[in-house]
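Thanks for coming, everyone. Let me put the structure up, and then I will walk you through it.

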Amino acid sequence: MAALDLLPYLAAGLLLVAGASKVRHPDTMADVLAVIGVTSPHAPFILGLIEIVVGAAAMVFGGFVLWGLVTALYLAFAALLALLTRNDAEVSCGCFGQRSTPVGRRQVLADLGTAGLAAIGVVISTPGLFGADRSPAITALLIVGIAVGVAALRRAHTG
């Protein structure tokens with residue numbers, strides 16, 4: 001089951017990276033939020049913190065509720081990006097701070113795919129990384145897989 005467990009962890013890990021990017025470089029996400037009427041200068045920072053907390057909690061504690069929150073965040077991001085794409089908004093997706101690409105179908109599909117990875121955690125109630133009855137060697141392999149997989153998944157999101 002550890003191989004299947006890896007997939008939701010990738011979604012949570014990417015959420016952590018995206019959240020940290022928004023906290024460090026909120027300007028790009030501020031542009032996206034302004035298009036939908038959210039103009040608070042603190043909104044990108046708060047969104048980034050939410051991503052960090054939800055992603056970290058899902059990775060540490062697991063369980064279907066936290067994986068459901070990760071899934072919901074990705075579905076909300078996909079809906080926002082689909083709306084912006086449909087309206088031909090010419091803004092960066094704001095997903096990863098300075099290293100973001102223009103809003104488009106690719107980002108919508110990437111968010112939907114990542115929501116699917118997180119949804120696996122809901123279906124099988126993926127446990128937290130350290131709370132499961134798995135050997136330390138398997139946990140270490142999962143951590144390496146997360147590091148490599150998140151980097152690849154980020155490329156899928158940014159092109």
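I will start with the overall fold, then take the helices and a few single residues.

First, the ground rules. This is a predicted model, so to speak of local features we need pLDDT of at least 70, side-chain atom pairs count only at pLDDT 80 or more, and totals for chains, interfaces and linings use all residues. Residues are numbered from 1 along each chain as its sequence is written, and side-chain values use heavy atoms, with hydrogens and water left out.

Now the fold. The protein has six helices and zero strands. Helices here are DSSP runs of H or I with at least four residues, strands are runs of E with at least two, and numbering goes from the N terminus. Along the sequence, that reads α-α-α-α-α-α. The radius of gyration is 15 Å, close to the 15 Å that the globule rule gives for 159 residues, so the protein is as compact as a globular protein of that length. That radius is taken over C-alpha atoms, and the rule is 2.2 Å times the number of residues to the power 0.38. Along its principal axes, the C-alpha trace spans about 50 × 25 × 25 Å.

How much of the protein is buried? Buried residues make up 46% of the 159. Buried means under 20% relative accessible area, exposed means over 50%, and partly exposed is in between, with a 1.4 Å probe and protein chains only. On contacts: take pairs of residues at least 6 apart in sequence, and 77% of their contacts join residues at least 24 apart. Contact means heavy atoms within 4.5 Å.

Next, helix H3, residues 43-61. H3 has 19 residues and reaches 26 Å from its first C-alpha to its last, close to the 27 Å expected at 1.5 Å a residue. The expected span is 1.5 Å times one less than the number of residues. Buried residues in H3 include Ala43, Pro44, Leu47, Gly48 and Glu51. Further along H3, Val54, Gly55, Ala57, Ala58 and Met59 are buried too. Just after H3, Gly62 takes a positive phi of about 65°.

What does H3 pack on? Two packed helices are described by the angle between their axes and the distance between the axes. The axes of H3 and helix H4, residues 64-86, come within 8 Å and cross at roughly 145°. Axes are lines fitted to C-alpha atoms, for helices over the stretch in contact, and angles run from 0 to 180 degrees between N-to-C directions. H3 passes H4 in a left-handed crossing. Left-handed means the near helix is turned anticlockwise from the far one by less than a right angle; right-handed means clockwise. From H3, Leu47, Glu51, Val54, Ala57, Ala58, Met59 and Phe61 meet Leu66, Trp67, Leu69, Val70, Leu73 and Phe77 of H4. By class, that contact has twelve nonpolar residues, no polar and one charged. Nonpolar is Ala, Val, Leu, Ile, Met, Phe, Trp, Tyr, Cys and Pro; charged is Asp, Glu, Lys and Arg; the others, Gly among them, are polar.

Now H5 and H6. Their axes also come within 8 Å and cross at roughly 145°. Arg106, Gln107, Ala110, Asp111, Thr114 and Leu117 in H5 meet Leu153, Arg155, Ala156 and His157 in H6. This contact has four nonpolar, three polar and three charged residues.

H6 itself has 23 residues, and its end C-alpha atoms are 33 Å apart, in agreement with the 33 Å it should span at 1.5 Å a residue. Among its buried residues are Leu142, Ile146, Val150, Leu153 and His157. Leu141 also sits in H6, but Leu141 is exposed, at 58% relative accessible area. Just after H6, Gly159 has a positive phi of about 90°.

Between H5 and H6 there is a loop, and Ser125 lies in it. What is the phi of Ser125? It is near 50°, a positive value in a residue other than glycine. Most residues other than glycine have a negative phi. Ser125 is partly exposed, at 34% relative accessibility.

Two more residues. Leu7 is in helix H1, residues 2-24. Leu7 is partly exposed at 26%. Leaving aside neighbours within four places in sequence, Leu7 is in contact with Leu117 and Ile120. Finally, Gly104 is in the loop between H4 and H5. Gly104 is buried, with a relative accessible area of 14%.

That is the tour. Questions, please.
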